[in-house]
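Me: I'd like to learn how to read the features of a structure like this one. Could you walk me through it?

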Amino acid sequence: MPKKVDHEARRQEISEALWRLASTRGPDATSLRDVAAEAGISLGRLQHYFRSKDEMLLFALRHINRLAAERIRARIEALPEEPTPREVLRACLSGMLPLDEKSRVGVLVGAAYFARAVYDEPLRAEAKNGIPQLRALFADQLRRAAERGELPPERATEDEAMLLISMVDGLSTYVLLDVHGPRTALRLLDLHLAHLFGTDGAADGAADAPVSYGAGAGSGAAAPLTSEERSAPASRPEGDAAKAADRA
């Protein structure tokens with residue numbers, strides 16, 4: 001009896017082979033033949049699942065976006081039954097950072113796709129697709145925080161939500177470039193949230209504690225500290241913000 005093949009699972013395996021190659025050389029320098037060899041199948045078999053490289057790239061981008069959404073959803077679900085808006089925002093934003101090997105590969109591949117998407121209309125449309133929903137989610141959390149008296153009402157805007165997205169994109173880029181490491185990126189994220197919410201203290205997280213990124217960041221080992229991070233002064237967590245840092 002012929003073996004039943006899960007076509008969706010096989011397409012995802014091919015996508016992950018593409019990611020492994022694209023994270024080191026970029027998608028443009030990765031051929032269908034390269035991906036087939038990485039996936040351990042023939043070129044003909046690969047073309048049974050994807051008729052063209054563009055079709056494979058688009059599927060792979062959608063798949064990596066789904067995995068990123070699942071990672072962030074897991075971080076939110078790990079929060080208490082009624083997390084504060086600030087805790088939800090931190091879980092989402094930290095889930096977007098390349099904090100370990102698995103999330104780093106995801107961000108690397110995303111960056112490679114975005115560079116190609118500038119000149120590729122289908123990829124550009126897909127890359128832009130989730131931004132309005134993410135902005136709306138963050139803006140909704142900011143409005144909730146303002147209603148609870150935790151945030152100045154003038155900061156509860158879609159522009160402020162977009163600044164949060166842009167900040168994390170910038171922090172992620174600098175981690176990939178080794179301008180700073182994951183620990184510093186997380187500390188800077190907490191510093192911005194402290195400024196946004198008008199609280200005292202430089203950070204929500206314990207910069208002098210072992211780096212642990214929780215359920216949503218993937219299962220890879222934490223990245224080693226940079227020399228900058230080893231010499232950075234420790235910050236002390238306070239109140240609810242410290243609890244949120246421990247959970248994330």
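Predicted model: local features only at pLDDT ≥ 70, side-chain atom pairs only at ≥ 80, totals over all residues.

Me: What share of the 248 residues counts as buried?

Reply: Buried means under 20% relative accessible area, exposed over 50%, and partly exposed in between (1.4 Å probe, protein chains only). Here 43% of the 248 residues count as buried.

Me: How do I read the largest pocket, and how much space lies in it?

Reply: Rolling a probe the size of a water molecule over the atoms shows where empty space is left. On a 1 Å grid over the protein atoms alone, a pocket is an open set of points where a 1.4 Å probe fits, with protein on both sides within 12 Å along at least five of seven lines; lining residues have an atom within 4 Å of a point. The volume is the space filled by probe spheres set on the points, which are joined across faces, edges and corners. In this case the largest pocket holds about 1400 Å³. It is lined by 46 residues, and Ile64, Asn65, Ala68, Arg71 and Met96 are the closest to its centre.

Me: Which helix gives the most to that lining?

Reply: That's H4, with 11 residues. Helix H4 (53-77) is one of those supplying at least two residues, and helix H9 (158-176) is another. By type, the lining divides into 25 nonpolar, 13 polar and 8 charged residues; Ala, Val, Leu, Ile, Met, Phe, Trp, Tyr, Cys and Pro count as nonpolar, Asp, Glu, Lys and Arg as charged, and the others, Gly among them, as polar.

Me: What is the phi of aspartate 178, and why does this residue count as exposed?

Reply: Aspartate 178 has a positive phi of about 60°, although it is not a glycine. Its relative accessibility is 58%, so aspartate 178 counts as exposed. You'll find aspartate 178 in the loop between H9 and helix H10 (182-197).

Me: Where does valine 179 lie?

Reply: Also in the loop between H9 and H10. Valine 179 counts as partly exposed because its relative accessibility is 49%.

How values were computed. Residues numbered from 1 in each chain as written. Heavy atoms only, no water. Helix = DSSP H or I, 4+ residues; strand = E, 2+ residues; numbered from the N terminus.
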